[in-house]
Structures are given as structure tokens and as C-alpha cells.
Amino acid sequence: MRHHIADWRPGASLEVTRARAAMLSAVRDFFAERKVLEVETPLLASSFGTEPSIEPLRSEFTGPGHAAGRQLYLQSSPEFFMKRLLADGIGPIYQVCKAFRNGEAGRLHNPEFSILEWYRPGFSVDQLMDELAKLVVGLLGQAELPVRYRSYAELFAEELAVDCLESDAERLRQVAIAHNLIGAESLDMNRDGWLNLLMGSLLEQRLGNGELCFVTDYPASQASLARINPDDPRTARRFELYYQGVELANGFEELADPDEQAQRFEHENCVRRARGQQPMPVDDYLLGALQSGLPACSGVALGLDRLLMCALQLDDIDQVIGFSLGRV
């Protein structure tokens with residue numbers, strides 16, 4: 001009896017695989033020139049982070065010392081571990097690694113994906129955005145690519161004629177209905193839920209067309225690990241980078257206050273409970289590192305799969321990953 005033979009081939013062509021290898025080599029050259037140290041941290045941890053918009057992939061260790069099993073989480077970012085290194089005085093560091101998120105699959109998403117994350121002690125977000133732009137322009141192979149900066153509030157005001165920092169959930173719901181977002185009439189979400197819907201459904205596709213576009217100064221309520229902007233406490237020192245309508249990177253001026261971070265973890269777990277999501281264990285190791293002292297720094301995570309898609313003008317993440325979800 002012959003078995004059905006599945007399509008065993010990788011999604012990425014040999015040409016794309018070679019382009020990925022060249023991109024990774026260029027990344028390492030970029031940071032070597034700047035004396036930023038490459039590090040490795042675990043993919044498995046006993047905590048995951050509490051952000052309600054991200055769900056973990058879980059694992060379990062059963063073995064010496066844990067006969068009954070120990071719950072572990074595949075990391076969506078190496079951030080917590082890298083901050084522990086920063087608190088230990090390691091200096092500027094970067095990492096190329098896999099990251100994981102549950103429930104995310106599609107043209108721009110795979111539950112397992114590749115990221116580049118780095119931290120710069122002494123850098124403001126403005127300095128980090130400048131360095132990020134230099135790296136991305138080089139990796140895209142477009143030396144003349146313009147770079148544009150738009151604040152989150154300016155973006156909503158200019159494109160949707162709404163004050164996103166003062167509008168309540170009902171006002172944002174009406175904006176969604178006015179722009180014919182399917183199902184908006186029946187949705188019941190908080191303010192950030194509506195902001196995320198408007199951003200993802202209406203605004204992202206308008207960003208970075210023929211240019212790199214940084215969206216800066218996100219609402220403070222969307223800044224789980226970022227410092228609040230001292231000039232406007234309604235906003236945080238957070239940015240995202242877009243190119244050709246695709247979000248490529250997310251960066252912060254990092255929060256270093258352990259008490260404020262603990263309060264944010266608790267608040268986010270309250271939000272998770274209210275939404276019917278399971279609360280996440282709080283990372284006491286991270287809080288201990290912050291208590292010891294995190295140097296003033298900024299950090300950013302850059303999606304390498306999406307960047308490669310943009311560089312090669314491909315339209316599906318399956319085309320740049322050897323074996324995406326549908327091939328494993």
C-alpha cells in the first residue's frame with residue numbers, strides 16, 4: 001500500500017536561502033564594525049511576559065528535580081534575558097534568534113520566526129532609530145531610500161481626523177464604522193483594542209511606501225516595557241518601523257524602574273483575566289535585574305523574515321522560510 005506523499009520541499013528557494021545567509025552575514029558585519037557583542041540566550045523560560053496581545057507556545061520539562069513536570073514557555077523575544085545581561089554590565093549586545101507566538105499564521109505571520117534584537121546603553125530612541133535606518137537601508141540594498149518620522153498622534157489626526165490620545169472607545173468605534181470596517185458595529189473593545197484595529201486595518205498599509213517610515217510616541221497604554229515620555233505622559237518612548245505597508249521593527253527607550261515594571265505586569269495580568277486569558281507568571285529574575293540597576297538604554301527587535309520578503313519583493317512569509325507551519 002502506497003502512502004500519500006506530502007509536498008516535502010521547502011518554501012524558500014535556493015536563491016532565497018542564499019539571500020538569507022548573505023543578510024545574516026551583513027548583519028554580523030554591521031555590528032562587528034560598531035563593536036556590539038553577539039550573545040545567545042535561552043528560547044525556553046519559566047515566564048513569558050504578560051502583554052495581553054501575545055499568547056505563548058508552551059512546553060514542559062520532566063526530569064531531575066521536576067518529576068511532576070515544570071511549565072516552560074517558548075520566548076516571543078529574548079528581551080528579558082538580554083536585560084539581565086545588560087544589568088550585569090555586558091555593554092552593547094545583539095542577538096539573532098528564533099521567536100514564537102501562538103495563534104499567529106498567515107501572509108506575514110508564522111508561529112516560529114526569526115528576529116534580530118539589540119540593545120544600546122546610552123542611546124536614546126532617536127539615536128537607535130538612526131542606527132536602525134542605516135542597517136535596514138543597507139540590507140534592502142537601497143542607498144537612496146528616504147526616511148520619514150510621524151508621531152502616532154499625528155498619523156491618526158492626518159489620516160483619520162481623530163485625536164487618538166483623547167478619544168474614548170466609543171469615539172474610536174464610530175471612526176471604525178465610518179470607515180466601513182466590517183463588524184465594527186457589534187465589537188466591544190477597550191480604547192487600545194480600537195486603536196489597534198484602526199492601525200492594522202486602515203493605517204499600516206499607507207506607511208512606508210517608497211520610504212522607511214518610523215511611527216513614534218505610541219500611547220502610554222501600549223508601552224509595556226518602554227519609558228513614559230516626560231514631555232507628554234500620554235505617550236511613551238516607543239517606535240515602530242514600516243516599509244511597504246509592513247511593520248518591520250518595534251523599539252523602546254527601556255523602562256528601568258522595577259516598581260513601575262511590576263505594576264505594569266500586574267495591570268496586564270488584570271487585563272488578561274478580564275478578557276478570559278490565562279494570567280502569565282511574572283518574571284522575578286527581570287525585576288531583580290532592574291532592582292540591581294539597568295543602564296539607561298534603548299532596544300529594538302527587527303523581523304528578519306519580513307525584511308527579507310521586502311528586500312526580495314516577495315509577498316508571503318512562506319517564500320522566505322524553509323519550513324513554515326504548513327510544511328512541518
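Student: What makes R238 count as lying over the face of Y218?

Tutor: In this predicted model, R238 lies over the face of Y218 at 4.2 Å from the ring centre. The distance part of the definition asks for CZ of Arg within 6 Å of the ring centre, and within 35 degrees of the ring normal, and R238 is listed as lying over that face. R34 is placed in the like manner over the face of F30, at 3.6 Å from the ring centre.

Student: Which cluster does F30 belong to?

Tutor: Ring pairs link F30 with F31, Y94 and W118 into a cluster. The structure holds nine aromatic pairs.

Student: Why is the pair of F80 and F265 called tilted?

Tutor: The rings of F80 and F265 lie 6.0 Å centre to centre, with 55 degrees between their planes. Rings pair if their centres lie within 6.5 Å, and planes under 30 degrees apart count as stacked, over 60 as edge-to-face and the rest as tilted, so a value of 55 degrees gives a tilted pair.

Student: Where in the chain do F80 and F265 sit?

Tutor: F80 is in helix α2 (residues 79-87) and F265 is in helix α7 (residues 258-274), so the pair links distant parts of the chain, 185 residues apart.

Student: How do you know whether F80 and F265 are buried or exposed?

Tutor: Buried means under 20% relative accessible area. F80 has a relative accessible area of 9% and is therefore buried, and F265, with a relative accessible area of 2%, is buried as well.

Student: What makes the pair of F214 and F239 edge-to-face?

Tutor: Their ring centres are 5.7 Å apart and their planes are at 70 degrees, and because planes over 60 degrees apart count as edge-to-face, the pair takes that name. F214 lies in strand β8 (residues 212-216) and F239 in strand β9 (residues 238-243), so the pair ties together parts that are 25 residues apart in sequence. F214 counts as buried at 0% relative accessibility, and F239 counts as buried at 1%.

Student: Which residues make the contact of α3 with α9?

Tutor: On the α3 side they are V136, L139 and L140, and on the α9 side they are L307, C310 and A311. By class, this contact has six nonpolar residues, no polar and no charged ones.

Student: How do you know that V136 is buried?

Tutor: V136, which is placed in helix α3, has a relative accessible area of 0%, and because buried means under 20%, V136 is buried. Not counting residues up to four places away in sequence, V136 touches L212, L241, L248, L302 and L307.

Student: What does L248 touch in turn?

Tutor: L248 has its place in strand β10 (residues 246-253), and, leaving aside its neighbours within four places in sequence, it is in contact with V136, L241, Y243, A301, L302, G303, R306, L307 and C310. L248 has a relative accessible area of 3%, under the 20% limit, so it is buried.

Student: How do you know whether K35 and N180 are buried or exposed?

Tutor: Exposed means over 50% relative accessible area. K35 stands at 70% and therefore counts as exposed, and N180, with a relative accessible area of 65%, is exposed too.

Conventions. Residues numbered from 1 in each chain as written. Predicted model: local features only at pLDDT ≥ 70, side-chain atom pairs only at ≥ 80, totals over all residues. Heavy atoms only, no water. Contact = heavy atoms within 4.5 Å. Helix = DSSP H or I, 4+ residues; strand = E, 2+ residues; numbered from the N terminus. Nonpolar A, V, L, I, M, F, W, Y, C, P; charged D, E, K, R; others polar. Buried < 20%, exposed > 50% of the residue type's maximum accessible area, 1.4 Å probe, protein only.
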